[in-house]
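Visitor: Hi, I'm new to this one. Can you walk me through it while I look?

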Amino acid sequence: MRLGKLGPALVLLGFVLMACGGNGGGGGTAGKKIALLLPEATTARYDTKDMPYFKAKLQELCANCELLYSNAKQDAPTQQTQAEAAITNGASVIVLDPVDGAAAAAIVTKAKAANIPVISYDRLILNTADLNYYLSFDNAAVGALQGNALLTALGSKTNPQIVEINAKLFKQGAHSVLDGKVKYGKEYDTPGWKPDNAQKEMQGALVALQNKVDGVLAANDGTAGGAIAAMKSAGLKPLPPITGQDAELAAIQRIVAGEQTMTVYKAIKAEAEAAATLAYDLAFGVAVPSDMTNGKTVNNGKADIKSVLLTPVAVTKANIQSTVVKDGFWTAADICTSNYVSACAAAGIS
């Protein structure tokens, strides 16, 4: 991602670090416990990128702080148990990426009763007024990027029929672009964002629509993978255009191979570091600067939640080299394994 794209995130981090500077960060700060609760391991980013980046930034700010880390492995009751354990173990702040946005409201209620602030990370926790902050990328913008990419890929087709495998905030952005320009053959809110659920939904859509699908609006790379598996099983050739999100390695390789149209790249390092810094401020009672949110809020069905929203970038075959490879998010060697060498060469990935 070019510096222009990272500008808002870098400014954000600069302001928050200035706020933290007078509070004895690093080794001189008394230790506190910060809980980071992530939703699943099917998407590789959480264990391999979000957690390590968050941990490193927290240790930089407070060497004596303790990270309480759990991954719910896509199970909402497990995440509830992990959150209760974090509360019992004395967490000062909980940073929570929910498996189920609605179910996670109960976690916020319990944390509030224990005077523990909660930051909703990456995904929005729904239907609670007790949430302190939401920190993510601008998900409506993500949906708009996906919608625009799908329209471009559909070209001049008249009244194209698409299947939507999506989630609330992304759907809003996508519909702002697609409404009136496509026919929604089927629309789904995929439970738990699970690839196997997306595959089942796509299988049902293909049966109902008799395989007449011109495009697929998939919320992330995992659900895109499930939809692609269903379409391959049904014998669709060529595959219709399909969107994604998270710049997963498998998705980047699918884009190189022509199976997936695009993904949305979000600078996870900036996101995780911003979350760690915000958690540090809340744990130590540092006043969070107004510049951090710039007055932005996102409504979660119950209240307008103060929100830190970073800027996403659309990735297609044409700009893999200048985005995820340039940033070191994935190396050319990661992407261009034996099955993708020739396709990488054609795409200019090196």
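Visitor: Is F329 buried or exposed?
Guide: This is a predicted model, and in it F329 is buried, with a relative accessible area of 7%.

Visitor: And W330, buried or exposed?
Guide: W330 is buried as well, at a relative accessible area of 14%. Anything under 20% counts as buried.

Visitor: Which aromatic cluster are F329 and W330 in?
Guide: They form one together with Y265.

Visitor: How many aromatic pairs are there overall?
Guide: The structure holds 4. One of them is Y280 with F284, a tilted pair with 4.7 Å from centre to centre and 40° between the planes.

Visitor: What about F329 and W330, how do their rings sit?
Guide: Their planes are at 80° and their centres 5.5 Å apart, so that pair is edge-to-face.

Visitor: What kinds of residues line the pocket?
Guide: By class, 12 are nonpolar, 7 polar and 7 charged.

Visitor: How many cavities turn up?
Guide: A search of the whole structure finds 4 of 30 Å³ or more. The largest cavity holds about 70 Å³ of space.

Visitor: What lines that largest cavity?
Guide: Its lining includes E40, R45, D122, R123 and W193. By class, that lining has 6 charged, 3 polar and 3 nonpolar residues.

Visitor: Which strands does strand 3 pair with?
Guide: Strand 1, residues 33-38, pairs with strand 3 in the parallel sense over 5 bridges. There, I34 stands opposite V93. Strand 4, residues 118-121, also runs parallel to strand 3, joined by 3 bridges. I94 has V118 of strand 4 as its bridge partner.

Visitor: What unit do strand 3 and strand 4 belong to?
Guide: With helix 4, residues 105-113, they make a right-handed β-α-β unit.

How values were computed:
Residues numbered from 1 in each chain as written. Predicted model: local features only at pLDDT ≥ 70, side-chain atom pairs only at ≥ 80, totals over all residues. Heavy atoms only, no water. 1 Å grid on protein atoms, 1.4 Å probe; cavity = no way out; pocket = protein on both sides within 12 Å on 5 of 7 lines; lining within 4 Å. Points joined across faces, edges and corners; volume = space filled by probe spheres on them. Nonpolar A, V, L, I, M, F, W, Y, C, P; charged D, E, K, R; others polar. Pairing = 2+ DSSP bridges. Helix = DSSP H or I, 4+ residues; strand = E, 2+ residues; numbered from the N terminus. Right-handed = clockwise from strand over helix to strand, strands pointing away. Phe/Tyr/Trp six-rings, centres within 6.5 Å; stacked < 30°, edge-to-face > 60°. Buried < 20%, exposed > 50% of the residue type's maximum accessible area, 1.4 Å probe, protein only.
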